[in-house]
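Try each task before reading its solution.

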Amino acid sequence: MQAQAQTLAGCVTDAESHAPLEAVTISVMRGGALVDYALTDAQGRFSLAWKYQDTVQVSASYLGYRKEVRRISRAERLNFVLRPEAIVLKEVQIKGGRIGMRKDTVRYDLARFASSKDVYIKDVLKRLPGVDVEEDGKVTYKGKAIDHFLVEGMDVTGGRYNQVNNNLSAKAVKTAEIMENYQSVKALKDRIRSDEVALNLKLDPKARDQWFLNGSLGLGHGDETLWSGSLNALQLGRGRQSLYNYKTNNNGIDLSTEQTLFTGTSTTADLTPFLAQPGISAPLDKQRLLFNRTHTLNGNRMYRWNDERSLRLQAGYTHDFTRQERGNTALYFFQSGDTVRTDEQYHYRLRIHAAFAEATYEDNNPKHYLTNRFKVEGETERSTSQEIGQQIETNRLKASNTFRLLRNTEQSTWEVNSTVQYTYLPASLQVDDAKETYRQQSLYTDNSIAYLRKCNGLTRQLTAGLQGEWNSLRNTDEGNNNTLQATYRQADISNASIYFSPRLQLERGKWLVNLTIPLRGKRFFERAENHLLYSPNLYIRLTQDFHWKFSLFAGITRSTGSGTDLYPAPYRTNYRTWLCTNGLTPVSLSQSYNLYAEYKNTVQEFFVTFTISHQNTRQQTLNTMNVTQDSIVYTRIRLPHRQESWHMKANLSKGIYDWNLKTALNLSVNRIRGKQQTNGLLQSYRYDYLQAEPKITWMPSKYFEAVYHANIGYGGSKIGGSTRLTPLLDIVQRLRLTFSLGSTELRLSGEHYRNDLGSGTHVNTLLADASLVYKAKKWRMEVRVNNLFDKKEYAYTLYSTTQSATSSMNIRPREVMGTVSYQF
């Protein structure tokens with residue numbers, strides 16, 4: 001047992017320059033067979049668990065250096081000094097691949113993917129087989145969102161990685177690494193397996209630790225004078241990193257994504273607000289819909305010492321003003337064939353101020369782990385819709401601190417976690433001269449201790465904790481000018497929980513089995529309710545080889561509502577919608593099953609994943625709906641019912657090196673069944689939806705590039721046994737052509753939208769843009785014309801349970817804009 005706790009570690013350096021060598025292969029051989037290996041890090045260091053009772057051979061090999069071999073019989077400090085060695089090759093043609101793989105790490109040589117057309121690193125990431133960048137900037141790998149985004153092993157943005165993707169020059173990055181089964185806590189490495197995925201960008205040595213200053217200014221005209229501007233500074237190295245950024249525009253480009261948090265697990269509890277602001281959503285590029293005036297500012301500074309201790313300081317602020325004109329016609333269907341119709345047409349204005357500040361300290365040592373994260377957030381949003389006489393104001397103030405400590409002994413690991421959070425959510429709703437105010441306050445804490453022990457591939461972990469929350473909700477109906485006295489309603493949904501979570505994880509060769517049995521006893525004090533909550537789940541994974549991987553997940557979860565779900569009094573959510581819970585606690589029991597398979601071949605640049613999942617949820621309560629032309633009232637009643645869903649999803653991605661081609665295809669099939677009670681009639685429904693999303697990026701020469709992206713959706717609903725809604729076929733196609741000649745680029749792009757509106761009618765919308773780009777040394781100049789055909793409106797229809805909604809909205813008109821950028 002003692003041998004298992006020992007470590008074989010060392011360093012590899014160049015014999016002539018004495019510089020550390022990165023990515024040297026350290027191999028452990030026993031009886032002529034490879035039993036383990038590792039790669040050296042940026043400092044030339046390596047570490048391997050010692051688990052041998054006899055003599056083994058340890059070698060260090062690296063292309064261009066003479067291989068060194070040592071025979072050892074015990075764990076010790078082992079340093080290698082490699083001497084350069086000339087390699088004489090016969091006259092043959094060697095064609096290396098663009099993608100390499102070592103253990104759980106896939107490496108992309110970005111020089112073989114990038115082109116002169118790429119400006120920022122996100123432009124190159126879009127070309128990588130298996131990797132995708134969504135419209136909002138989210139990065140996915142094999143259809144799954146990444147869990148960590150690193151630059152030289154450091155997370156300078158704390159999960160807001162658009163600040164890197166949208167500002168770091170494509171030329172500054174040499175390699176992109178996808179690390180599967182990534183364990184971010186060194187103290188848990190080789191003790192508990194992880195399914196997380198990390199993306200690490202490795203910079204060109206010439207760009208490392210250098211300051212990059214970039215600025216841009218744009219002016220244009222459409223229905224109003226347009227502007228855009230940016231100024232950013234980046235310094236990204238291995239010991240310290242800085243990123244400062246300011247951007248502003250009113251041309252429809254969504255800058256709020258610069259502050260979007262994509263990665264990072266939250267251990268705090270977010271409250272469900274009484275009110276929600278209207279948003280912009282449609283199967284159309286957001287840049288077409290967004291009428292905005294935005295300013296966003298952020299600063300990030302990160303220090304790292306000894307590759308273990310780090311301090312990250314962050315702050316950001318966004319001011320956003322948006323306006324939109326839209327209409328909506330909703331039809332509520334009944335199995336008898338009757339319908340209820342509601343219509344609305346309005347302009348709305350939304351003004352947002354949002355800010356945050358955060359400080360995170362981390363000591364990530366193989367023997368112990370310590371982190372503390374303090375964060376303060378504030379946000380205020382005010383919207384006005386004059387046609388319907390509605391004003392909504394929502395505010396949010398949140399302060400939280402999260403502490404985590406792990407300590408390793410030879411055989412076990414102790415862990416302590418502590419979280420404290422205060423949240424304040426005041427809000428108000430005014431409809432004509434009637435006004436209601438809302439206030440939520442919460443003080444939340446969660447504290448736990450865990451013990452972990454691993455022996456012979458079996459990890460046993462027991463977590464126990466205590467969670468408490470003081471939660472006060474208040475709603476005041478201030479009435480109108482004729483009301484003499486306001487009406488107050490208040491509720492206390494404070495609660496406390498004690499929980500236990502045993503976990504077993506077994507590793508046997510290609511197999512990994514994980515069993516977790518979380519149990520929680522929860523008490524709501526004012527409601528005098530006790531609930532036993534549980535969420536046992538089983539996960540089995542088979543890694544057949546470097547190509548094939550299969551997994552199975554099964555779990556059962558019993559849960560209750562929280563926040564406004566438990567508010568007993570009726571309240572208003574907008575000018576025509578009311579909600580009443582009748583004091584009933586929503587309790588649900590869900591069964592979830594998931595089967596997953598993947599195949600990847602980095603040599604062939606081929607990635608395939610397939611997922612089939614099923615969820616069966618039984619609930620004790622049902623939110624009924626009473627609809628008239630002027631109001632919608634949701635009322636919770638005690639009525640056991642079941643909702644069932646099936647989802648199948650496939651992701652395929654294939655790169656062809658010789659053609660400089662990337663193809664991708666995402667397929668999904670969905671079926672949802674349930675019950676809905678509308679205007680006193682309980683009826684069942686079934687919703688089916690099929691979606692296909694092909695993508696092609698082709699650059700046959702440096703003079704031409706074509707990008708094609710389509711989204712095809714087909715779906716319909718069945719209500720009761722006889723009512724079927726006409727299936728909707730929606731097709732979105734995007735094509736972008738780029739022609740390059742020297743320092744000049746001409747880009748032509750078109751979008752075609754074919755949307756069914758129901759009842760056998762559909763609309764076609766064709767949009768087109770053009771831009772001319774000229775580059776000269778550090779200068780980049782662009783003239784762009786958007787919406788060449790000057791389309792003004794867009795319409796689409798969506799189905800949801802027992803209703804359909806047809807929406808129309810105005811889109812940005814024809815606009816001309818010129819932009820000048822300079823890298824200092």
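**Exercise 1.** Are Arg-98 and Glu-605 buried or exposed?

Solution. First, the background. This is a predicted model, where local features need pLDDT of at least 70, side-chain atom pairs count only at pLDDT 80 or more, and totals for chains, interfaces and linings use all residues. Residues are numbered from 1 along each chain as its sequence is written, and side-chain values use heavy atoms, with hydrogens and water left out.

Next, the cut-offs. Buried means under 20% relative accessible area, exposed over 50%, and partly exposed in between (1.4 Å probe, protein chains only). Arg-98 and Glu-605 are both buried.

**Exercise 2.** Find what Arg-98 forms with Glu-605.

Solution. Arg-98 and Glu-605 form a salt bridge (a side-chain nitrogen of Lys or Arg within 4 Å of a carboxyl oxygen of Asp or Glu). Their closest N and O atoms are 2.6 Å apart. Now place the partners. Arg-98 sits in the loop between strands E7 (80-82) and E8 (99-102), and Glu-605 in the loop between strands E36 (587-601) and E37 (606-627), so the pair ties together parts 507 residues apart in sequence. Strands (E, at least two residues) are DSSP runs, numbered from the N terminus.

**Exercise 3.** How many salt bridges does the structure hold?

Solution. The count is 55. One of them joins Lys-792 and Asp-790, with closest N and O atoms 3.9 Å apart. Lys-792 is partly exposed at 44% relative accessible area. Asp-790 is partly exposed too, at 25%. Elsewhere, shared partners link Arg-288, Glu-751, Asp-769, Arg-780, Glu-782 and Arg-784 into one salt-bridge network.

Methods
Helices (H or I, at least four residues) and strands (E, at least two) are DSSP runs, numbered from the N terminus.
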